[in-house]
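Hello,

Here is the structure I promised to pass on to you.

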Amino acid sequence: MMEAAVLDAFLAAAPRHHHHHHQIRTAAAGCRSARLQTARPPCATPFGRADWQTACAILASSATGGGGESSDATGRAPRVNGQKPPPLPALEKKAVPSELDLVPVSNLPRPLSISDLSPAPMHGSQLRVAYQGVPGAYSEAAAGKAYPGCDAIPCDQFEVAFQAVELWIADRAVLPVENSLGGSIHRNYDLLLRHRLHIVGEVQLPVHHCLLALPGVRRELLTRVISHPQALAQCELTLNAMGLNVAREAFDDTAGAAEHVAANALRDTAAIASSRAAELYGLQVLADGIQDDAGNVTRFVMLAREPIIPRTDRPFKTSIVFAHDGEGTSILFKVLSAFAFRDISLTKIESRPHRHRPIRLVDDANVGTAKHFEYMFYIDFQASMADVRAQNALAEIQEFTSFLRVLGSYPMDMTPWDAAPPKDIDNSSSSHY
């Protein structure tokens, strides 16, 4: 039946000379009658794709040519669905389209590539990184250091940054966990246990505080300084040496304090924040480098939905949290011994109250009821989970703890940082350094 369609198309495209046209139709009728009476042998050549494309080209030429002379003398058939068919038969040339898309190729599904199967890149502009604060915060700078060129997403609370990653709004979160002067950020340690995100890296950021005010405001006109509580504490001695014995008020974050001063045009208020916050919110820097200690560094951790594969070809750090049901400090001593026996260095030990059982009661008929506080212990140690020593240490610890969880095994931040001393504010106040 397909050959008949091709023949009909051939007749439709042939020149309309009545004598020859009648002979061709008579021969075609005879062929069609013979085909109906004789079965096609199994070994006969099937009607191929090229024949079908040629027929389509003839149909298209007869539909668009209109019987005139063609301007295309090459005799080539159109490309069908991007495929090049064989040349047209030696007929009178008709103008044919150069492309004949019978099936819209653009609607076909795109094949998967290796980039579709690869995880999100560790660095680059495609990563969305959540941080707590507003633009200009130190957490934003830490996100940029951890993932250069990333799309930083500000969040008003630490909890929101965790949820942004869990809900696929962000790919990573960068949150502070400790400061060299202020100590641990306990809120984030509690959130690490409450959520199921994994630590995939760390970054250490030197903190460089500046005293910011509206343009034209002089230092002696200030009556209030606002900033994050830790920033106020880290600049206490410097502010006193500058003669700023004014009220200090806590704010949610450093950059938020700078934004508040600029948005409300507070000419009697200064903020302690970064120099980038001054640029973003149009403030002037009254004093640069006002932190009391030049070695003021904040450690941030990078969080993701999936852990990374630990390696042994570079320095790694592992963070764990555990609890125990035993009495006294003997359990903690056993945990520390498991690391010391294998020569694994600890970099941090932090205790937090056990949320589900903060107090343990011990009844004694002779002395009465004793109340003991229950704690969760967080430990960071310098070893990868791919290291056999770390695996054996955790296997031993698991025997005498009621709860043990690995928060992450990740590369240590080995990048150097400049802890340059703060700049002199003026000649009268430089003696306090």
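**A cavity and its surroundings**

The second largest cavity has a lining made up of Val177, Tyr189, Leu192, Ile199, Arg299, Val301, Ser319, Tyr378, Asp380, Leu407 and Tyr410. Please keep in mind that this is a predicted model. The space inside the second largest cavity comes to about 60 Å³, and the structure has four cavities of 30 Å³ or more. Sorted by class, the lining of the second largest cavity counts eight nonpolar, one polar and two charged residues. At least two lining residues come from each of α7 (186-194), β13, β18 (375-381) and β19 (403-411).

One of the lining residues, Ser319, also takes us to strand β14, where it is buried on one side together with Lys317, Val321 and Ala323. How many of the eight residues of β14 are buried? Eight of the eight are, so this strand (residues 316-323) is largely enclosed by the rest of the structure.

What does β14 pair with? It runs antiparallel to β19, with eight bridges between the two, and in this pairing Lys317 sits opposite Tyr410 of β19. Tyr410 is also among the residues that line the second largest cavity. β14 is antiparallel to β18 as well, joined to it by five bridges, and here Phe322 faces Phe377 of β18.

At least two residues each come from α5 (138-146), β5 (172-179), α8 (229-234) and β13 (297-304).

Finally, some numbers for the whole protein. It has 13 helices and 19 strands, and 40% of its 433 residues are buried. Of the contacts between residues at least 6 apart in sequence, 75% connect residues at least 24 apart. The protein exposes about 23600 Å², with 56% of that supplied by carbon and sulfur atoms.

Enjoy exploring it!

Best wishes

Notes. Residues are numbered from 1 along each chain as its sequence is written. This is a predicted model: local features need pLDDT of at least 70, side-chain atom pairs count only at pLDDT 80 or more; totals for chains, interfaces and linings use all residues. Side-chain values use heavy atoms; hydrogens and water are left out. Helices (H or I, at least four residues) and strands (E, at least two) are DSSP runs, numbered from the N terminus. Buried means under 20% relative accessible area, exposed over 50%, partly exposed in between (1.4 Å probe, protein chains only). Contact means heavy atoms within 4.5 Å. Accessible areas come from the Shrake-Rupley method with a 1.4 Å probe; for residues, only the protein chains shown count as cover. On a 1 Å grid over the protein atoms alone, a cavity is a set of points where a 1.4 Å probe fits but cannot get out, and a pocket is an open set with protein on both sides within 12 Å along at least five of seven lines; lining residues have an atom within 4 Å of a point. Grid points are joined across faces, edges and corners, and a volume is the space filled by probe spheres set on the points. Ala, Val, Leu, Ile, Met, Phe, Trp, Tyr, Cys and Pro count as nonpolar, Asp, Glu, Lys and Arg as charged, and the others, Gly among them, as polar. Two strands pair if DSSP finds at least two bridges between them.
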